[in-house]
Amino acid sequence: MATFAELPDSVLLEIFSYLPVRDRIRISRVCHHWKRLVDDRWLWRHVDLTLYTMRPKVMWHLLRRYMASRLYSLRMGGYLFSGSQAPQLSPALMRALGQKCPNLKRLCLHVADLSMVPITSLPPTLRTLELHSCEISMAWLLKQQDPTVLPLLECIVLDRVPAFRDEHLQGLTRFRALRSLVLGGTYRVTETGLDASLQEMNYLQRLEVLGCTLSADSTLLAISRHLRDVRKIRLTVRGLSAPGLAVLEGMPALESLCLLGPLITPEMPSPTEILSSCLTMPKLRVLELQGLGWEGQEAERILCKGLPHCMVIVRACPKESMDWWM
């Protein structure tokens, strides 16, 4: 069996990439060889800082010493619920990310207070922005803001952002590069607001609506009216009926359809009705049903046999997704 000293650098880098940031820095003190590997730009392409309550001084050190031009994706927390003495994300830090990390494409912020952080301070190179349990100000994402902000943004994930409402959704229409939108637990968004916004965002190719107060029928109706080129749909089945699902029949570009439970009602389409609708979608290649209680039952057999050209996935809802329906 090979020792660590005998492993090629490529293997060691792969191993080091699974270590938390703090441990990566610690192992750089083992020897000159490991220090050189820890300094390798490949190791700092993807950084996850959500495990730490990090002092601003440490964050600035990481930014200058290790990340800088190497960084491609960054996950970090704002410690919104850790008390007033905990470090918060600042406009200066966001601007520094934009200036020192020209290759940063993906930014995921968790439990962060962004109410004092203007959206104009975010790195302009971002293609993906994820907000998980974050607070934003009413001025965020509004349509009348500077149209040059985040010009490359292709995907935005809004996961339990309580202040997000119809006005913010309408503001997303100014991101002309946007192709993927995920709304999770955005309970202030209304059916009227969704329909009006999708009318202007007819270029979307992926839409996920999870754990919201919107009914599945109304969501699918808005999609069928305005998103004729959509390729992926993922939504909870709250308020889904067979006629509601039928509005997707003949969708020309739809490749993936995912329906998530567990709120099943008597109006929920039967496996045969789902099969009938899916057979009219010429490009459908993935049908995924989660948390409907159909795994290993007759429903799964019907769908797999009736859609031989599709990958049919029927399974229980993963634990990490259960909070959408709590």
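Buried here means under 20% relative accessible area, exposed over 50%, and partly exposed in between (1.4 Å probe, protein chains only). The model is predicted: local features need pLDDT of at least 70, side-chain atom pairs count only at pLDDT 80 or more, and totals for chains, interfaces and linings use all residues. Residues are numbered from 1 along each chain as its sequence is written, and side-chain values use heavy atoms, without hydrogens and water.

Start with the sheet. Eleven strands form an open sheet with parallel pairing, in the order β1-β2-β3-β4-β5-β6-β7-β8-β9-β10-β11. Strands are DSSP runs of E, at least two residues, and helices are runs of H or I, at least four, numbered from the N terminus. Two strands pair if DSSP finds at least two bridges between them. At the edges, β1 (46-48) and β11 (311-315) each pair on one side only. Inside the order, β4 (residues 128-132) and β5 (residues 155-159) run parallel and are joined by five bridges. Glu 130 stands opposite Val 157 in β5.

Now the cysteines. A disulfide is a pair of cysteine sulfur atoms within 2.5 Å. The count is zero. Cys 212 is in no disulfide; its nearest cysteine sulfur, from Cys 258, is 14 Å away. Cys 212 is buried at 7% relative accessible area, and Cys 258 is buried at 2%.

Finally, Arg 24. This residue sits in helix α2 (residues 21-27). The backbone oxygen of Ser 17 lies 3.2 Å from a polar atom of the Arg 24 side chain.

Terms used:
A polar contact is a pair of N or O atoms within 3.5 Å; within protein, one must be able to donate a hydrogen and the other to accept it, and residues adjacent in sequence count only if both atoms are side-chain atoms.
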